[in-house]
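Work through the exercises below with the sequence and the model at hand. Try each task before reading its solution.

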Amino acid sequence: MDCNKGDGGERHRGLLLRTCTSSGEMLPSTLLRDMLALESHHRPPPSSSSSRKQRSTLFCVFNIYGSTEVAGDATGLGFMTSGDVVSTFWYHGVDASESSRGGGGLRVDNFDAAARDAPAGHSLPFAAVMLVKSCAGGCGGHGGPAWTLVNEVGETGEVLVLGKGVAAGYLGGRAQAADVDDRRFTTLGALLGEEAAGGHALDRVHRTGDLGRWSQTGCLLLEGRDDDVVKVFGERVSLKEVEAAVMEAAGAPAEGPGLVA
């Protein structure tokens with residue numbers, strides 16, 4: 001709706017679109033630019049307003065990453081335009097996560113126009129995001145922890161979320177030790193070892209199954225999944241569960257090859 005043309009009546013005149021938010025799936029750069037282009041349709045008409053009022057109408061797009069398992073959002077990043085240049089911004093150093101880099105304050109950076117997807121951003125104040133990778137035979141030698149932190153720029157690892165929003169596990173019969181999904185909920189000490197976890201050894205964490213890497217600015221860049229889980233309109237769907245449901249349906253063969261798409 002064009003709020004300046006009164007499609008819904010006089011009470012809508014003067015209303016401006018200030019913010020768009022994307023969450024639930026990776027945000028393609030092409031879609032990000034389409035969202036930012038909405039600014040031209042909701043830009044206030046020229047006037048003699050003060051620069052303070054003009055700044056108050058700044059249009060932004062926020063890309064947010066998270067899941068139900070961590071009570072919603074874990075990272076975020078803002079985008080804005082100036083001409084043809086797309087910039088990113090975030091408040092850095094608000095949280096105490098180990099993935100934070102540098103000091104605090106508002107940070108602004110240029111967005112890589114050649115990137116396929118928009119970055120997932122930086123840790124939000126109530127969550128911390130890390131990248132981890134498994135070690136065959138234990139990290140640091142025989143008997144060491146099975147996982148270690150990924151700190152190198154550009155190195156791929158599994159996204160790990162810790163914070164107050166991490167769930168205790170799945171409800172309704174999915175908490176058995178043999179359930180791979182439920183084993184994704186653990187503590188930082190159990191995953192990395194007491195020494196590497198430091199004072200956060202008892203903090204609950206969730207291994208998301210999402211793959212990512214760090215940018216030069218410490219921004220999380222997502223790179224897909226490490227399993228067969230896909231997202232359909234923002235909802236996580238396990239292809240194994242789909243196959244099991246189909247095989248249980250009347251007329252499905254009890255034996256033979258699995259589901260073939």
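The exercises that follow go from the whole chain to single residues, and the model they use is a predicted one.

**Exercise 1. The chain as a whole**

Describe the secondary structure of the chain and find what share of its residues is buried.

Solution. 
- Step 1. Five helices and 14 strands make up the secondary structure of the chain.
- Step 2. The chain has 261 residues, and 36% of them count as buried.
- Step 3. The accessible surface comes to about 15300 Å², and carbon and sulfur atoms hold 54% of this area.
- Step 4. Among contacts with a separation of 6 or more, 57% are between residues 24 or more positions apart.

**Exercise 2. Pairing around strand 3**

Find out how strand 3 is joined to strand 2 and to strand 6.

Solution. 
- Step 1. Strand 2 covers residues 60-67 and strand 3 covers residues 72-82; the two run antiparallel and are joined by seven bridges.
- Step 2. Val-61 has Phe-79 of strand 3 as its bridge partner.
- Step 3. Four residues lie between the strands of this hairpin, and Ala-71 takes a positive phi near 65° there.
- Step 4. Strand 6 (residues 122-123) is also antiparallel to strand 3, with two bridges between them.
- Step 5. In this pairing Gly-76 stands opposite His-122 of strand 6.

**Exercise 3. Strand 9 and its partners**

Decide whether strand 9 is mostly covered or open, and name strands that pair with it.

Solution. 
- Step 1. Strand 9 spans residues 157-163, and six of its seven residues are buried, so the strand is mostly covered under the 20% cut-off.
- Step 2. Strand 7 runs antiparallel to strand 9, and six bridges join the two. Leu-131 is opposite Val-159 of strand 9.
- Step 3. Strand 11 (residues 204-214) is antiparallel to strand 9 as well, with five bridges. Here Val-161 has His-206 of strand 11 as its bridge partner.
- Step 4. Strand 7 (residues 127-134) also holds Ala-128. This residue is buried, because its relative accessible area is 8%.
- Step 5. Ala-128 and Ala-74 are 54 residues apart in sequence, yet their C-alpha atoms are 6.9 Å apart in space.

**Exercise 4. Salt bridges**

How many salt bridges are counted, and which parts of the chain does the pair of Lys-133 and Glu-155 tie together?

Solution. 
- Step 1. The count is seven salt bridges.
- Step 2. One of them is between Lys-133 and Glu-155, whose closest N and O atoms are 2.7 Å apart. Lys-133 is in strand 7 and Glu-155 is in the loop between strand 8 and strand 9, so the pair ties together parts 22 residues apart in sequence.
- Step 3. Lys-133 is partly exposed at 34% relative accessibility, and Glu-155 is partly exposed at 25%.
- Step 4. Arg-184 and Glu-158 form another salt bridge, at 2.7 Å from N to O. Arg-184 is in the loop between strand 9 and strand 10, Glu-158 is in strand 9, and the two are 26 residues apart. Both residues are buried.
- Step 5. Glu-223 and Arg-213 meet in a salt bridge of 2.5 Å, N to O. Glu-223 belongs to strand 12 and Arg-213 to strand 11, 10 residues apart.
- Step 6. Glu-223 has a relative accessible area of 35% and is partly exposed; Arg-213, at 30%, is partly exposed too.

**Exercise 5. Cysteines and a buried serine**

Classify Cys-20, Cys-60 and Ser-22 as buried or exposed, and state the number of disulfides.

Solution. 
- Step 1. Buried means under 20% relative accessible area. Cys-20, at 16%, is therefore buried.
- Step 2. Cys-60 is buried at 8%.
- Step 3. The count of disulfides is zero.
- Step 4. Ser-22 is in strand 1 (residues 19-23), and its 13% relative accessibility makes it buried.
- Step 5. Leaving out residues up to four places away in sequence, Ser-22 touches Leu-27, Met-35, Phe-62, Asn-63 and Ile-64.

**Exercise 6. A nonpolar patch**

Which residues make the nonpolar surface patch of about 340 Å², and which element gives the largest share?

Solution. 
- Step 1. The patch is made by Val-230, Val-232, Leu-239, Val-242 and Val-246.
- Step 2. Strand 13 (229-232) and helix 5 (239-248) supply at least two residues each.
- Step 3. Helix 5 gives the largest share, three residues.
- Step 4. Leu-239 is in helix 5 and is partly exposed, with a relative accessible area of 41%.

Terms used: Residues are numbered from 1 along each chain as its sequence is written. This is a predicted model: local features need pLDDT of at least 70, side-chain atom pairs count only at pLDDT 80 or more; totals for chains, interfaces and linings use all residues. Side-chain values use heavy atoms; hydrogens and water are left out. A disulfide is a pair of cysteine sulfur atoms within 2.5 Å. Buried means under 20% relative accessible area, exposed over 50%, partly exposed in between (1.4 Å probe, protein chains only). Contact means heavy atoms within 4.5 Å. Patches are made of residues with over 30% relative accessible area and no salt bridge: like charges are joined within 9 Å, nonpolar side chains (Val, Leu, Ile, Met, Phe, Trp, Tyr) within 5 Å. Accessible areas come from the Shrake-Rupley method with a 1.4 Å probe; for residues, only the protein chains shown count as cover. A salt bridge is a side-chain nitrogen of Lys or Arg within 4 Å of a carboxyl oxygen of Asp or Glu. Two strands pair if DSSP finds at least two bridges between them.
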